[in-house]
Amino acid sequence: EERRAHVWFLESMDRVNRAMQGTNDVEQMMGDVLEAVLEIFASDRAWLLYPCDPDAPSWRPIMERTRPEFPGAAARGHDLPMTPESAEVARVALASSGALLRGGSHKHQPSAEIAEHFGVRSDMLMALRPKGDRPYLFGLHQCSRVRTWTKEEQRLFEEVGHRLTDALGHLIAVRGLRESEARLEAAQRLARVGWWERDYATGHVSLSDEACRIFGVQPLELLQWPGRWLSLIHPEDRENAAAASDLALRGGPRRDVEYRVVRPDGAVR
């Protein structure tokens, strides 16, 4: 029995890992993981709620996978109010060091509220604490029957929860980076300030959108940027700008260089 349980754990984690590695899209990956979890545990719902905060006015389903006969909160298309019963669930989950098991012969039972509205007879819950955000609540619902969860199932559920926590932390970091980039781009557009960067080790060149507008070029024209850059500089300023660039490449001190740009349409900036 122990060997079979261990093999089941390894095979299940291998399936979860393959779901995580199957795409670079973090949101799709989380959906694929919930789909795998739904089948591995033969449960009726697998889901993520946010935020797991008893003081929040409401929480909403971030991701959900269900069996057709047991639609969940996501199918209702709106946030769930943080009722006193919901707040207590959040508090207990946050206070638990691992998964909270409810139903069957376990100490805790699903609340009357969740049993009435979603037909839950047994469930497993776990608070996820990704870096940079408030906690999420990860859960499984069993609606078709009363179920007592095994220790092996609890162990697997907790390990999947840890993997999802890492994935959420990555998603939050990526979203934060995108938001910062969007704010930076908006600030550059308003101030009419752009930037460009050339990596001399790899030859890679990056221009901000505003820099492309200032120079009057498109990102697709950047493969030969070093020569292109000099050709766009006003002939009277070109020698000074080229000398500053050469000095920088030799490790010289920082220099501020002012020069005019003659755009492809003849306009001077």
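This is a predicted model: local features need pLDDT of at least 70, side-chain atom pairs count only at pLDDT 80 or more; totals for chains, interfaces and linings use all residues.
Residues are numbered from 1 along each chain as its sequence is written, and side-chain values use heavy atoms, with hydrogens and water left out.

View 1. Helices (H or I, at least four residues) and strands (E, at least two) are DSSP runs, numbered from the N terminus. The C-alpha trace spans about 85 × 45 × 35 Å along its principal axes. The radius of gyration is 28 Å, while a compact globule of 269 residues would have one near 18 Å. That radius is taken over C-alpha atoms, and the globule rule is 2.2 Å times the number of residues to the power 0.38. Of the 269 residues, 42% are buried. Here, buried means under 20% relative accessible area, exposed means over 50%, and partly exposed is in between (1.4 Å probe, protein chains only). Take the contacts between residues at least 6 apart in sequence: 55% of them join residues at least 24 apart. A contact means heavy atoms within 4.5 Å.

**View 2. An open sheet of six strands, in the order S3-S2-S1-S6-S5-S4.** The pairing is antiparallel, and two strands count as paired if DSSP finds at least two bridges between them. At the edges are strand S3 (80-81) and S4, each pairing on one side only. Strand S1 (residues 45-50) is joined to S6 by five bridges, and Arg-45 stands opposite His-141 in S6. Helix H2 (residues 26-40) packs on the sheet, where it touches S1, strand S2 (58-66) and S6. The direction of H2 makes about 65° with that of S2. Helix H3 (residues 84-95) also packs on the sheet, touching S2, S3, S4, S5 and S6, and its direction makes about 65° with that of S5. For these angles, axes are lines fitted to C-alpha atoms (for helices, over the stretch in contact), and the values run from 0 to 180 degrees between N-to-C directions.

**View 3. Strand S5 (residues 122-128), covered on both faces.** Seven of its seven residues are buried. On one side you'll find Ser-122, Met-124, Met-126 and Leu-128; on the other, Asp-123, Leu-125 and Ala-127. Seven bridges join S5 to strand S6 (residues 136-142), running antiparallel, with Ser-122 opposite Gln-142. Strand S4 (residues 100-102) is joined to S5 by three bridges, also antiparallel.

**View 4. Leu-101 in strand S4 and Thr-165 in helix H5.** Leu-101 stands opposite Met-124 in S5 and counts as buried, at 14% relative accessibility. Leaving aside neighbours within four places in sequence, Leu-101 is in contact with His-106, His-108, Asp-123, Met-124, Trp-149 and Gln-154. Leu-101 and Ser-122 are 21 residues apart along the chain, and their C-alpha atoms are separated by 8.0 Å. Now turn to Thr-165, which belongs to helix H5 (residues 151-191). Thr-165 is buried too, with a relative accessible area of 16%. Again leaving aside neighbours within four places, Thr-165 is in contact with Leu-128, Arg-129 and Pro-130.

**View 5. The buried face of helix H7 (residues 225-232).** The buried residues here are Trp-225, Trp-229 and Leu-232. Seen down the axis of H7, they fall within an arc of 70°, so they line one face of the helix. The arc is that of the directions from the helix axis to the C-beta atoms. As for the spacing, an α-helix has 3.6 residues a turn, so residues three or four places apart point the same way.

**View 6. Cys-52 and Cys-143, too far apart for a bond.** A disulfide is a pair of cysteine sulfur atoms within 2.5 Å, and by this rule the count comes to zero.
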